[in-house]
Amino acid sequence: MAAEYVTSADFNPSGAGNVLTSNAGWVGVVMKVTPTGALAWVRDFGRSTGSAADTFFSGLALGPAGGLFVSGFFSGSRELNPSGTSTSLTSAGGSDGLLL
């Protein structure tokens, strides 16, 4: 499932708490829930590297080997790697497309 949030949001439907916090602007999120509705994992993408900027996701697809592809768009300067390794991108102006 893909979504976006601004400020902060709790993505764990069981109430155990998995709060993510945006440092500026909208942040894209990809999460997996089990067939029973429990949160398996959640990752956020597109944290701002400076001034307010936004990341929105518009599509999900599974590749032939089971990999997940996410499409969408972003504005401003964003950090798009949830692993902690810096992968900062800056839009050329307005909104730019992305594929993760």
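What is the accessible surface of the protein chain, and which share of this surface belongs to carbon and sulfur atoms? In this predicted model, the accessible surface comes to about 5500 Å², and carbon and sulfur atoms hold 57% of this area. The protein chain has 100 residues, of which 32% count as buried, where buried means under 20% relative accessible area.

The secondary structure is quickly listed. The protein chain contains 11 strands and 0 helices, and read along the sequence the pattern is β-β-β-β-β-β-β-β-β-β-β. Among contacts in the protein chain with a separation of 6 or more, 44% are between residues 24 or more positions apart.

One part of the strand arrangement can be followed in detail. Strands E7, E8 and E11 form an open sheet of 3 strands in the order E7-E8-E11, and their pairing is antiparallel. Strand E7 (55-62) and strand E11 (96-99) each have a single partner strand and stand at the edges, so one side of each has no neighbour in the sheet. On average, neighbouring strands of this sheet are turned by 20° against each other, direction ignored. In general, strands of a sheet pair through backbone hydrogen bonds, either parallel or antiparallel.

The pairing of E8 with E11 can be traced to residues. Strand E8 covers residues 68-74 and is joined to E11 by 4 bridges, the two strands running antiparallel. Within this pairing, glycine 72 has leucine 98 in E11 as its bridge partner.

Methods:
Residues are numbered from 1 along each chain as its sequence is written. This is a predicted model: local features need pLDDT of at least 70, side-chain atom pairs count only at pLDDT 80 or more; totals for chains, interfaces and linings use all residues. Side-chain values use heavy atoms; hydrogens and water are left out. Two strands pair if DSSP finds at least two bridges between them. Axes are lines fitted to C-alpha atoms, for helices over the stretch in contact, and angles run from 0 to 180 degrees between N-to-C directions. Buried means under 20% relative accessible area, exposed over 50%, partly exposed in between (1.4 Å probe, protein chains only). Contact means heavy atoms within 4.5 Å. Accessible areas come from the Shrake-Rupley method with a 1.4 Å probe; for residues, only the protein chains shown count as cover.
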